[in-house]
Amino acid sequence: MQMSLSMTHQLGALAGAAITIENGSIPGESTPTLSSASVRKSPMSNLRCRVQNTGIFDALSPPVSPCRSPIIGSTRPDLSVACRAFATELEAPMMEAPARVYREGGVQDKGKGVPVYVMMPLDSVTMNNTVNRRKAMNASLQALKSAGVEGVMMDVWWGLVERDAPGAYNWGGYTELLEMAKKHGLKVQAVMSFHQCGGNVGDSVTIPLPNWAVEEIDRDPDLAYTDQWGRRNHEYVSLGCDNLPVLKGRTPVQCYGDFMRAFRDNFKHLLGDTIVEIQVGMGPAGELRYPSYPEQNGTWKFPGIGAFQCYDKYMLSGLKAAAEAAGKPDWGSTGPTDAGHYNNWPEDATFFRKEGGGWNGPYGEFFLSWYSQMLLDHGERILTSAKSIFENTGVKISVKVAGIHWHYGTRSHAPELTAGYYNTRFQDGYLPIAQMLARHDAVFNFTCIEMRDHEQPQDALCAPEKLVRQVALATHKAQVPLAGENALPRYDEDAHKQILQASSLNIDSDSVDREMCAFTYLRMNPQLFQADNWRRFVAFVKKMKEGKDDHRCWEQVEREAEHFVHVTQPLQEAAVALMH
């Protein structure tokens with residue numbers, strides 16, 4: 001151990017870094033820490049978002065599904081992450097940039113750049129409410145800070161914190177994790193995760209809803225979203241019962257509000273300083289949508305159209321009332337019965353066919369308007385609560401919207417419709433969402449920013465770039481800040497360049513002074529800290545932060561990043577010794 005520490009000091013001295021050893025999060029643990037220096041920023045090149053011809057779908061490389069994600073962790077993920085992380089931390093003076101405030105508002109100053117956050121592992125807090133792989137976590141946060149990352153995004157799981165009894169909150173692991181982030185000078189986007197983890201895109205661990213909520217759903221299965229074949233989905237409580245006291249005497253919206261209020265009261269000393277954003281979970285995967293494409297048990301596979309989720313008795317009661325109000329009581333007994341199955345394609349289902357499909361007829365317009373409005377009303381209710389709770393705390397509130405890009409080139413946009421986005425060839429489904437968020441001063445957080453049209457399956461008419469462009473235009477029109485995430489783990493230069501282009505929001509003549517307000521990178525894991533991936537990521541963060549006006553070429557930034565990684569590689573052995 002002494003040899004390792006000596007080696008660390010020597011190499012640190014060679015790298016020009018002042019190394020000190022401080023106590024870690026646990027007694028007896030030691031972590032190398034060092035002072036950080038700012039570096040000169042250069043102007044940045046103008047990055048334009050290329051939108052391809054809407055009628056052309058290029059030949060593809062192997063299909064990229066939205067449901068492929070590496071399992072977090074390997075044989076020893078703590079060692080894998082920490083080795084690279086400890087090594088990287090020691091060269092911090094080269095990459096460190098001045099601290100910056102999380103930017104608010106829809107229109108940003110020209111060329112100010114986009115702050116990058118990194119999603120933490122889904123299992124950052126254990127089922128016993130402690131920090132998972134604590135030392136590796138600490139080292140990884142140091143590495144992210146050294147690379148110029150603005151902060152991290154962490155899921156605050158309802159099913160962990162309020163697991164055992166209504167109103168009994170255990171913030172244990174999160175208290176330590178947030179203090180760890182604060183110690184390293186990282187901002188935090190805290191996700192109020194009111195959904196189950198497991199059975200969804202990229203889920204690698206299982207965290208169910210609180211035990212007492214699951215008991216209520218077992219007692220009344222209609223509290224779960226239900227499809228036309230009676231299949232129940234337990235990822236999120238059905239929005240059909242939002243205002244009914246079905247969870248031990250409280251409504252679901254009251255439960256969400258009480259949770260957010262308890263979070264605010266417990267972490268009020270960090271709000272607006274360390275905690276800069278509260279992302280409010282609205283559905284499965286934390287997204288404002290219905291669970292229309294569940295992966296669990298092989299129910300859905302990409303690029304299936306999914307299925308409507310309105311067949312629990314509470315949703316059907318709402319549909320019946322809406323049909324009677326519209327003077328069409330016959331339309332209120334069920335959702336579409338000709339909308340196919342989860343893995344059909346649009347032309348396989350009568351309701352979604354481009355010629356004569358029910359989606360474009362009077363009944364379809366009625367049903368889709370009702371189905372999407374129920375989702376908007378759900379968002380409105382929870383945002384009203386969130387806004388009142390976090391008012392004057394200095395945090396921004398955000399909502400995540402899913403990037404459903406498959407079959408986007410069809411007329412009906414079937415997968416978006418089943419998810420609750422009434423977006424078709426003839427109707428903009430994202431403007432009403434943006435307008436709803438605008439009413440509550442919330443950030444519109446959108447996924448699939450890294451994807452390019454030609455990388456996706458041509459026959460499924462996938463068009464992520466066109467979808468991102470539509471969302472950017474909708475948020476611009478509604479004057480809502482737009483933030484982004486990548487939908488899949490990507491470490492390649494092509495994905496990074498696509499994110500840079502999309503985040504610059506160069507989509508029309510009015511967007512010169514506009515950029516995304518933040519970008520969150522999926523996700524902190526051993527793969528990110530592998531040498532080549534880390535080098536590319538460091539260069540990516542630098543380009544993102546420097547904004548539209550930087551005129552240096554990508555290769556120059558990459559060379560700087562390569563030097564940064566190369567100098568720190570010899571420290572890996574010292575890091576391994578420290579881990580033990």
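**Notebook: salt bridges, a barrel and its helices**

I looked up aspartate 532 and found that its side chain forms a salt bridge with arginine 535, with the closest N and O atoms 3.5 Å apart. A salt bridge here is a side-chain nitrogen of Lys or Arg within 4 Å of a carboxyl oxygen of Asp or Glu. Aspartate 532 and arginine 535 are three residues apart in helix H15 (residues 531–546), so about one helical turn separates them. Helices (H or I, at least four residues) and strands (E, at least two) are DSSP runs, numbered from the N terminus. Aspartate 532 is partly exposed, with a relative accessible area of 45%, while arginine 535 is buried at 14%. Buried means under 20% relative accessible area, exposed over 50%, and partly exposed in between (1.4 Å probe, protein chains only).

I note that this is a predicted model, in which local features need pLDDT of at least 70 and side-chain atom pairs count only at pLDDT 80 or more, while totals for chains, interfaces and linings use all residues. Residues are numbered from 1 along each chain as its sequence is written, and side-chain values use heavy atoms, with hydrogens and water left out.

I searched the whole structure and got 27 salt bridges. One of them joins glutamate 162 and arginine 250 at 2.8 Å, N to O. Glutamate 162 lies in the loop between helix H5 (158–161) and helix H6 (172–183), and arginine 250 in the loop between strand S7 (232–237) and helix H8 (252–266), so the pair ties together parts 88 residues apart in sequence. Glutamate 162 is buried at 0% relative accessible area, and arginine 250 is buried at 14%.

I then checked aspartate 453 and lysine 466, whose closest N and O atoms are 2.3 Å apart in a salt bridge. Aspartate 453 sits in the loop between strand S10 (442–446) and helix H13 (464–478), and lysine 466 in H13, so this pair links parts 13 residues apart in sequence. Both aspartate 453 and lysine 466 are buried.

**The barrel**

I followed the strands and found a closed barrel of eight, running S3-S4-S5-S8-S9-S10-S11-S12 with parallel pairing. The twist averages 30° from one strand to the next. Two strands pair if DSSP finds at least two bridges between them. Strand S8 (residues 275–280) and strand S9 (residues 396–401) run parallel and are joined by three bridges. Glutamate 277 has lysine 396 in S9 as its bridge partner.

Which strands does H10 lie across? H10 lies across S8, S9 and S10, at about 155° to S9. H13 packs on the sheet, touching S10 and strand S11 (482–485), and its direction makes about 170° with that of S10. Axes are lines fitted to C-alpha atoms, for helices over the stretch in contact, and angles run from 0 to 180 degrees between N-to-C directions.

**Threonine 475**

I found threonine 475 in helix H13. Threonine 475 is buried, at 0% relative accessibility. Its side chain makes a polar contact with the side chain of arginine 514 at 3.0 Å. A polar contact is a pair of N or O atoms within 3.5 Å; within protein, one must be able to donate a hydrogen and the other to accept it, and residues adjacent in sequence count only if both atoms are side-chain atoms. Leaving out residues up to four places away in sequence, threonine 475 touches Ala434, Phe444, Val480, Leu482 and Arg514; contact means heavy atoms within 4.5 Å.
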